[in-house]
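Good morning, and thank you for joining this group meeting.

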Amino acid sequence: MEDCRANAIEKQNYTELEHGYVGLFDRPRFERGPTISCAWPFSALYAASPEKSRKKLQTKTNPSKKITPLPICHCNPLLREILLLFPRRIGSLLLEHFSQISRHCSWILVMVAQEEEFTVDLNKPLVFQVGHLGEQYQEWVHQPIVSKEGPRFFGNNVLEFLTRTKWYAVPLIWLPVVFWLLTTSLRMGHRLSDVALMAALGILIWTLVEYVLHRFLFHINTNSYWANTAHYLLHGCHHKHPMDGLRLVFPPAATAILCIPFWNLVGLFTTASTTPAVFGGGLLGYVMYDCTHYYLHHGQPSHDPAKHLKKYHLNHHFRIQDKGFGITSSLWDIVFGTLPPQISAKKA
């Protein structure tokens with residue numbers, strides 16, 4: 001313990017270290033101070049005047065974060081009592097009572113309220129890890145890992161299976177449904193040309209839905225555990241692992257669930273006989289979106305418009321992730337002013 005105290009005092013000449021020590025207020029008129037356990041993780045060492053040190057601590061301390069209790073072995077009885085009363089708020093407590101404490105001890109030690117950064121282990125299931133990143137999640141998820149092999153999401157094999165979808169499952173499952181919906185409107189008395197117009201309207205509506213979901217839901221900022229976890233499942237995983245071919249298209253089970261509210265939404269502004277055709281057009285737009293999205297990541301187009309769309313979308317992933325939200329078209333980016341800067345300059 002004497003060695004620990006000697007080591008702590010020896011480091012008083014440093015003004016600041018990145019991590020590994022405690023906040024230390026220099027009180028030269030006193031000769032002794034409390035000893036500490038050097039094995040405990042601390043965040044920074046300060047040796048300066050009390051006022052200067054206090055200002056540094058105030059700027060670095062976040063009261064909302066957990067503070068590890070400071071093990072005190074030998075110190076003034078008054079200081080020991082105060083520390084033991086509030087073990088989770090040592091930093092803020094010492095700051096509040098600085099004037100009282102400073103009269104009774106030679107060295108005043110303050111823990112800087114700083115948690116160690118959480119590290120994601122890519123060799124373990126990710127879904128229930130990413131929430132722990134907190135405010136660092138957004139920075140982490142937008143640093144892509146380019147690999148065709150995606151990470152494991154869940155430890156449970158059934159849940160893991162449900163997160164993986166071959167791209168061709170989307171047209172195989174949903175194109176027959178689209179055909180049935182369009183023919184339903186035909187059987188209810190509409191002409192083929194009318195059904196085609198309704199389907200075109202449905203496709204146009206889908207492009208707007210695609211843009212709105214991508215911009216306002218898929219790119220929402222999160223920092224809490226469950227919000228980060230939900231965002232990662234919904235879209236964050238795609239930005240973290242953009243070349244994961246088994247998680248590029250939406251799982252059919254989830255699509256089937258979402259079809260119910262979208263059907264009811266379309267029914268609000270259409271008649272009973274036109275709802276199937278308009279909704280069928282929207283569903284066709286979704287199929288085109290998912291297939292196009294997969295191709296933009298894994299295809300090698302040599303001609304426009306596919307070549308332009310691939311460059312446009314990869315720009316969103318690897319350069320400017322808060323612009324260029326359209327996948328099948330840049331129409332709504334133009335309308336709402338979210339074109340990437342270089343493209344906007346060319347348009348002008």
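I shall go through the annotated spans, the nonpolar cores, one serine in a loop, and the cysteines.

Please bear in mind that this is a predicted model: local features need pLDDT of at least 70, side-chain atom pairs count only at pLDDT 80 or more, and totals for chains, interfaces and linings use all residues. Residues are numbered from 1 along each chain as its sequence is written, and side-chain values use heavy atoms, with hydrogens and water left out.

I begin with the annotation. An unreviewed UniProt entry gives "transmembrane region" for residues 167-183 and 195-213; its positions follow the numbering used here, feature names are shortened, and annotations may be inferred rather than shown by experiment. In the model, residues 167-183 are 88% helix and 0% strand, with end C-alpha atoms 25 Å apart. Residues 195-213 are 100% helix and 0% strand, and their end C-alpha atoms lie 26 Å apart. Helices here are DSSP runs of H or I with at least four residues, strands are runs of E with at least two, and both are numbered from the N terminus.

Next, the cores. A nonpolar core is a set of buried Ala, Val, Leu, Ile, Met, Phe, Trp, Tyr and Cys residues joined through side-chain atoms within 4.5 Å. Buried means under 20% relative accessible area, exposed over 50%, and partly exposed in between, with a 1.4 Å probe and protein chains only. The largest core has 20 residues, of which Val170, Trp174, Leu283 and Tyr286 touch the most other members. Two or more residues come from each of helix H9 (169-187), helix H10 (192-217), H12 and H13, and H13 gives the most, with eight. Beyond its neighbours within four places in sequence, Trp174 is in contact (heavy atoms within 4.5 Å) with residues including Pro252, Cys259, Leu283 and Tyr286.

Where is Ser273? Ser273 lies in the loop between helix H12 (252-267) and helix H13 (275-298). Ser273 is buried, because its relative accessible area is 17%. Not counting residues up to four places away in sequence, Ser273 touches Ser185, Met188 and His190. The side chains of Ser273 and His190 are joined by a polar contact of 2.7 Å; such a contact is a pair of N or O atoms within 3.5 Å, where within protein one must be able to donate a hydrogen and the other to accept it, and residues adjacent in sequence count only if both atoms are side-chain atoms.

Finally, the cysteines. Cys259 is buried at 15% relative accessible area, whereas Cys291 counts as partly exposed at 21%. The structure holds zero disulfides, that is, pairs of cysteine sulfur atoms within 2.5 Å.
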